[in-house]
Amino acid sequence: MNYPALSLRSKALFEDHQIAIFKQTDRMFAYLMVLQWIAAILTAFIVSPRSWYGTINEVHIHVWTAIFLGGAISAYPLFFALRHPGETYTRHVIAVAQMLWSAILIHLTGGRIETHFHVFGSLAFLSFYRDWKVLIPATIVIAADHFIRGTFWPQSVFGVLNASPWRWIEHAWWVLFENTFLFISCRRSIKEMWNIAENTAKLEITKQIIEAEVEERTKELQLANQQLQAEIHTREMAERELKETQTQLVESEKTATVARLAAGAAHEVKNPLAIIRQGVDFLSSEGSSEEDKKVKASVLGDMSNAINRADGIIHSLLDVSSQSKFNPTQADINNVINQALILTKNQLDKKQIQAIKELAKNLPSLQLDKDRLIHVFINLINNAVDAMNIGGTLRLKTYIKPNDPSLAPFLKDVEDSKQIVTVEILDSGSGIPEDVLDHIFDPFFTTKRKIGGVGLGLSIVRNIIQMHSGCIQIKNRSDAQGVRVLIYFPVKENKDKKEAA
Amino acid sequence: MRVRRSILSTLFLAGSGAVWLLTVGSGLMILYDYSNSPSEIRSYIKYWPVQSSIPFEKGWANLVMTAHPHCACTRASLSELARIMTHGKDKIKAHVLFMKPSEFPDKWIQTDLWRNANTIPSTHAIEDKDGAEANLFHATTSGQVFLFDQNGTLIFTGGITGARGHEGDNKGESAILDWIKEGKVTARESFVFGCSLFTPNPAANAAKEIR
């Protein structure tokens with residue numbers, strides 16, 4: 001803390017406080033002067049209103065004394081108290097005037113000892129100034145009054161005819177006795193005022209320091225805020241750019257996907273078209289022998305197969321791009337699986353594969369596009385049959401299980417579901433190589449191109465399952481050789497129940 | 001400039017303060033002078049006046065005090081008389097003569113002084129019509145006291161206050177108390193402070209009268 005500043009401020013505050021007390025006490029004495037004057041006049045009017053000479057009378061000299069002498073005593077200090085409050089001479093004049101009032105009262109009461117209390121009361125009142133110096137003129141005046149009257153007219157001041165010439169000293173001593181305590185009181189008050197001034201100054205300076213610090217911190221915060229705003233702006237710009245880039249990437253990806261699909265489709269359709277062109281060329285050639293007719297019939301069969309193949313490819317591409325209409329109805333998944341098994345019975349029987357069904361009863365009905373789902377299960381069963389040797393085992397299970405948070409990223413509307421209908425297909429085939437597993441859902445990715453695979457089967461399967469808000473996982477079995485396919489359908493209870501109702 | 005103003009202020013303060021103190025001092029001096037100005041004692045009688053209608057109490061010392069019923073100074077004299085009679089009620093019979101002009105109604109003398117006088121031991125207030133009795137005692141001032149021994153001989157006359165309206169020790173009171181205690185007076189007379197019992201002269205009649 002800045003000590004010279006503290007000292008200066010303490011001094012200023014102390015002086016302000018002192019001046020305020022001086023002015024306040026001056027005002028109080030101004031009232032007292034007026035009150036004493038009025039009281040003196042009233043007393044004179046009540047006690048000794050008139051002087052009598054037989055039957056005639058006139059206003060008593062006490063009344064005139066109260067009016068004029070009392071007025072003279074009070075008016076002078078009153079003038080200073082009103083015009084020069086707080087000045088040193090004002091309170092000294094007041095002190096003298098107050099003691100003159102004491103002198104008059106003591107005289108008028110014939111030196112009654114009780115009236116001397118006016119002196120002590122007045123001294124105590126003067127100590128309200130908290131300035132012990134003001135007691136000096138008061139003490140001098142009252143001591144001089146006692147000395148003069150005690151010498152020349154003792155009854156007026158002591159109430160006795162013959163008083164010791166030193167009695168005024170006794171009275172003055174009692175005044176000094178009281179002054180001692182008033183002096184101590186004044187000193188203590190001054191000390192307390194200094195303490196108050198110092199504490200106030202400390203508070204003020206501390207407040208100033210805190211305010212300066214707060215201002216500095218506020219500026220720092222404002223600066224930091226500005227920097228933060230700039231950073232947020234930069235980040236928003238970056239995020240916007242990132243989104244734009246992501247959008248561009250998605251568009252690029254879409255374009256790439258379309259290009260890949262187009263390339264795949266072109267590649268797949270090119271072969272049947274070549275067969276058809278060759279067939280058309282051959283059929284355009286001349287030749288009507290029986291041999292030619294047989295060959296032409298064979299060529300027409302090849303052309304028909306090529307057209308069917310091209311049509312299948314186009315149809316599959318439509319499924320992949322979900323352009324055909326999705327038509328769900330309330331259905332039981334077990335029925336769908338049974339129908340798929342009926343349709344694939346021929347393939348299963350050719351390889352003597354045993355199909356084991358473990359279908360749970362009382363499964364909740366789901367919103368299913370049955371035709372598409374039959375296609376899904378036929379595809380999956382055919383894949384399993386292709387992977388298995390003669391005499392393999394195909395196990396199909398359905399069951400219901402509670403919602404699994406780990407599936408949330410893969411399932412739509414899973415928040416509404418408490419239960420999940422699961423379809424599990426287990427084969428005893430050769431399994432899928434790990435490096436192939438990551439690509440099995442890619443369009444036109446196939447390991448069976450030699451036997452006519454186009455690589456759209458699993459892509460279509462996943463697409464159809466996703467249309468049903470479900471998901472599919474394909475992995476190698478951990479308990480035995482073969483593949484394990486898991487298909488999850490979330491049960492949208494409210495919606496499904498309402499729709500069921 | 002500021003120094004000149006300061007000097008002027010100091011001179012004004014000193015000058016006005018001196019004038020103020022002189023004024024107040026003069027006022028006090030006038031007040032003291034008034035308080036210490038005794039009334040004139042016309043002459044002394046030596047014995048109880050035989051023409052007096054006040055019965056002299058035989059076997060007792062008799063004290064007579066003259067009083068103006070509206071004199072403020074006499075309040076102090078009655079207080080001193082009460083003090084004296086507290087000590088001398090077994091020796092003295094006191095009579096307080098309240099002067100009543102015949103043209104004034106009876107209630108004119110029924111003041112607090114009258115009532116006070118009747119509460120003092122061995123004392124009774126007497127209406128003194130037109131101050132006739134006061135004249136017999138050669139009294140002119142309210143508060144004047146006459147003390148006669150058992151034989152009717154005047155042993156003291158004067159006031160029993162030290163100044164106008166001032167209670168407390170004084171020469172007259174001390175003289176009477178000495179006689180009560182020791183049988184002899186230390187003073188035969190003292191100053192009297194009080195209102196005049198009689199209208200001084202015709203010119204004074206111009207002053208206001210109160211009925």
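The bend at a residue is the angle between axes fitted to the seven residues ending there and the seven starting there. Keep that in mind for these exercises on a predicted model, where local features need pLDDT of at least 70, side-chain atom pairs count only at pLDDT 80 or more, and totals for chains, interfaces and linings use all residues. Residues are numbered from 1 along each chain as its sequence is written, and chains are lettered from A and ligands numbered from 1 in the order in which they are written.

**Exercise 1.** Find where helix α2 of chain A is kinked.

*Solution.* Start with the helix, a DSSP run of H or I with at least four residues, numbered from the N terminus. In chain A, α2 covers residues 61-83. Next, look at A:Gly71: a kink of about 30 degrees is centred there.

**Exercise 2.** Work out which residues of the largest nonpolar core touch the most other members.

*Solution.* Such a core joins buried Ala, Val, Leu, Ile, Met, Phe, Trp, Tyr and Cys residues through C-beta atoms within 7 Å; buried means that 20 or more other C-beta atoms lie within 10 Å of a residue's own, with C-beta atoms placed from the backbone. This core has 49 residues, and A:Ala97, A:Leu100 and A:Ala138 touch the most other members. Then ask who contributes: α3(A) gives the largest share, 13 residues.

**Exercise 3.** Identify the element that gives the most to the side of chain A that touches chain B.

*Solution.* First, count the contact (C-beta atoms, placed from the backbone, within 7 Å): 30 residues come from chain A and 36 from chain B. Then pick out α2(A), which gives the most to chain A's side, with seven residues.

Terms used: Helices (H or I, at least four residues) and strands (E, at least two) are DSSP runs, numbered from the N terminus. The expected span of a helix is 1.5 Å times one less than its number of residues. A residue is buried if 20 or more other C-beta atoms lie within 10 Å of its own, exposed if 12 or fewer, and partly exposed in between; C-beta atoms are placed from the backbone. Two residues are in contact if their C-beta atoms, placed from the backbone, lie within 7 Å.
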